[in-house]
Amino acid sequence: MAQRIDFKTLAMGAASALAILLASAAPGVALAEAPTPISVLGHNPGDDYYLANYEDSIGYFHKLAASTDRMKMFTAGKTTQGKVMEYAVISSPANLAKLDHYIDLSKKLGAVKGLTDDQAKALAAEGKVIIHIDGGMHASEVADHQLPIALAYKLVSAQNDAEIDAILDNVILVLWPTLNPDGQDMIVDWYRKNLGSKYETSKMPWLYQEYVGHDNNRDGYMLNMIESQVVTKAEQSYAPQIWYSQHQTAPFPARIWMPPFADPISSNISPYMRIWTNAIGTNMMARFEKEQKPGAIAMARFDNWYAGFLDYTHVFRNTMSFFTETAHDSATPKTSKVSDFPKNMQDLKATIWYPSPWKGGEWRLKDSVDYMVTASMSVLETGVKYRETLLYNRYQAGRDNIKKYSTEGPFAYVIPAGQADMNEAALLAQKFIDHGLDVHQAKTAGTVGGTSYPAGSFVVLMDQPFAGLAKELLEPQKYPDAILGGDGKPVDLPYDVTGWTLSMQMGVKVDPVTTVVAPAERAALTQVAKAEGVKGGVAGTGGAFTLDRKVNGSFSAMNDVAKAGGKLAFADNGDIVVRGLGKAVMQTIAADNGVVATAVKSAPKAVAVKKAKVGLYRQWGSNIDEGWTRWILEKYDYAPSSVYNADVKAGKLKAKYDAIILPDLGGRGAAGPLGSLKDGIKAEDAPAPYSGGIGDDGGEALKAFVAEGGTLVALNNASDAVIDLFALPVTNILKGVKSEEFFCSGALLQIQLGEAASATAGLPSDPIVMFERGPAFAVKDGFKGKVLASYAAEGNPLRSGVLLHPEKIAGKAAALEVQYGKGTIYLYGFKPQWRAQSHGTYKFVFNTLYK
């Protein structure tokens, strides 16, 4: 084994070293020979047992930029933890001197407006291909963030290299060290601390991006996370033709996966994007064979059906967006024998999309980095060879979208004013603005496509270059019959969510316009730079106030009222009643939360409530559902406390919390969700205190908490664990069911509310929920409580996505309120807070957090 390095000592001066490097990188300095990575970092990227952290990477980038006229550094924004996100632009000195010009040219081609085909061809002939390559966002895929160091040095240091000279002349490379600086530092720190121990290759037992971990690549259209917002804003600022992200790992035993993607793929993206992504992948594969690097595979496993991948959403702005998946996500070498391969791969036979099989052997991090360099050089080579065509095709994609939606519709989408929660309606409109679409608003009542709409309605006209994104997010998703099979027998089951229609998730009414929008109707609309919701404040006079429980902002306003010392109550008519605050204080709270507080002289009959002390179970490991739930609760001012295994086992929970939320739990194997809750991570997989779960003692503590009057909220598969733990008179009718009997990996289903209950106040009678591999319930003798919601006894509850054998859940309960001792358990067989997108069903959780 190679000699180990004292990484703690190596990292001690990182912050001060970075400051020196930043100071030395001022423009106009004399150029020097490009510093090698080893001369700055003490290592080359890919060295065994070494990983550069974010400070190392940025420090090297600045030192490299200071030595050359081929590279400039730019600041994009800050991360959740406050780190500065930076990227480099690498090209010829002449191109960098005219960088703004070439970016402006690229934006003009993308926008299409005012250009003829001949003018676009002239711009394409003049322009340079802008290519984005990044060091990944999934920080545990460690080769990703080591690659940019190697690629930057290769491009900057090369002399008399015809290929690199051509790249620098024809391509403007935007190179990000990583899209997840916080995660890179966490993962590298974990590896360094465990180097030399039996946990050297163990997975870090918490999320590697605050709140979302792996789901940072599921936030592409919603842009909840700061990092997603920064990256998307930056991408639109430099308008690339190609976006290429690094990922790991390839389907074993392949060494790298590349496009073409497997089916299905959205029909709302331009054919140019689909065709060029395929071509880039096949060009890549040819280069791997040329360099005698076996193990390249395409098609297998990875599809691009879901529109929310952060490394894919750009495709709706007519940027070719794709990723590769490279083998071996560790700095510790690993040897694989053919006998370790899946049995159907052990014959080492070539296939169409795996033409040069890998034969096994030792694999190092440097091998992964080298493969990523080859893939990146192939993308840059494609940019050189097809520069004009790529630029012109982006114009054509936008031009064709405009023509398509001018002749065949939908011609527009209208988000009508006057909805129950206009803040959510405005937020939906804002999402399109954030993604570069034009959004208009009707300042007065009028018609769109011949249909009348009130003043304040938002309108997305579809004859614009990026209109495909609006259709993608607003129409129901329907999986292609060719994939599911026309006889109802699936050819290939989806592995991710299949339906995500955003208007359905957010509980916002949206109307497609199927008639041409007349010129006079267009003239009555005003483009808006920001979609404004309700201007909050106090209306009327009186000593008490009411808030509308149908409005999500009313719940954050409630929590601000509690913080200000006001008194809260739930009225019989569904309103929230506020007492004990003056009008000026209430005005501030209402304005801050975008809600109308109606002052009343006589408040309706109501039951006094208090904001609960909320605990959120935080399992060791990467529980993404916990992270999303925590983000939402913090956003709405519930101030949740994280409840770890040790806290549960310590008992006396009722003295600390009024309500405890159990997020979705994994454990689809024999142990199931209850095994995941009680046993947690195995001791051989993580050191103390991260191994183990709540154990039997913790289980008893949870039961005591509810019996003493506490509220337990179980989300999705946590419900199954609670049924077993508490021995509730409830059956999960989907437990152990095979995929040929029932299947739903993630789709939007409609449910029907049952008995009137505080837990469902403010919800419509038939909300649409995200069902993702969850349970469904039947009550047994001895059940005490309420059936809060059920699936209809007849018909198909599917509204968007894929649901096989809906008859299995017909008439079954989707949500239950169960009495246990003095307390209450809420079982939700779906995700009411899914990826912080399902705003329309947040109230299933919010309503339970008052006592």
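**Entry 1, helices on the sheet.** I started with helix H21 (residues 583–593), which lies across S20, S21, S23 and strand S24 (596–600). I noted that H21 runs at about 120 degrees to S20. The model I am reading is a predicted one.

**Entry 2, the sheet itself.** I then traced the strands. Six of them form an open sheet, ordered S20-S24-S21-S23-S22-S25, with mixed pairing. At the edges I found strand S20 (537–539) and strand S25 (606–609), each of which pairs on one side only.

I picked out strand S21 (residues 544–547) and strand S23 (residues 576–579), which are antiparallel and pair over three bridges. In this pair I located Thr 546, which stands opposite Val 577 in S23. Helix H20 (residues 553–563) also packs on the sheet, where I see H20 touching S21, strand S22 (567–571) and S23. The direction of H20 makes about 145 degrees with that of S22.

I turned to the second largest pocket, which holds about 910 Å³ of space. I listed 33 lining residues; the closest to the centre are Asn 423, Leu 427, Gln 430, Lys 431 and Lys 635. Which helix gives the most to this lining? I found H15, with seven residues. By type, I sorted the lining into eleven nonpolar, 13 polar and nine charged residues.

Conventions. Residues numbered from 1 in each chain as written. Predicted model: local features only at pLDDT ≥ 70, side-chain atom pairs only at ≥ 80, totals over all residues. Heavy atoms only, no water. Pairing = 2+ DSSP bridges. Helix = DSSP H or I, 4+ residues; strand = E, 2+ residues; numbered from the N terminus. Contact = heavy atoms within 4.5 Å. Axes fitted to C-alpha atoms, helices over the stretch in contact; angles between N-to-C directions. 1 Å grid on protein atoms, 1.4 Å probe; cavity = no way out; pocket = protein on both sides within 12 Å on 5 of 7 lines; lining within 4 Å. Points joined across faces, edges and corners; volume = space filled by probe spheres on them. Nonpolar A, V, L, I, M, F, W, Y, C, P; charged D, E, K, R; others polar.
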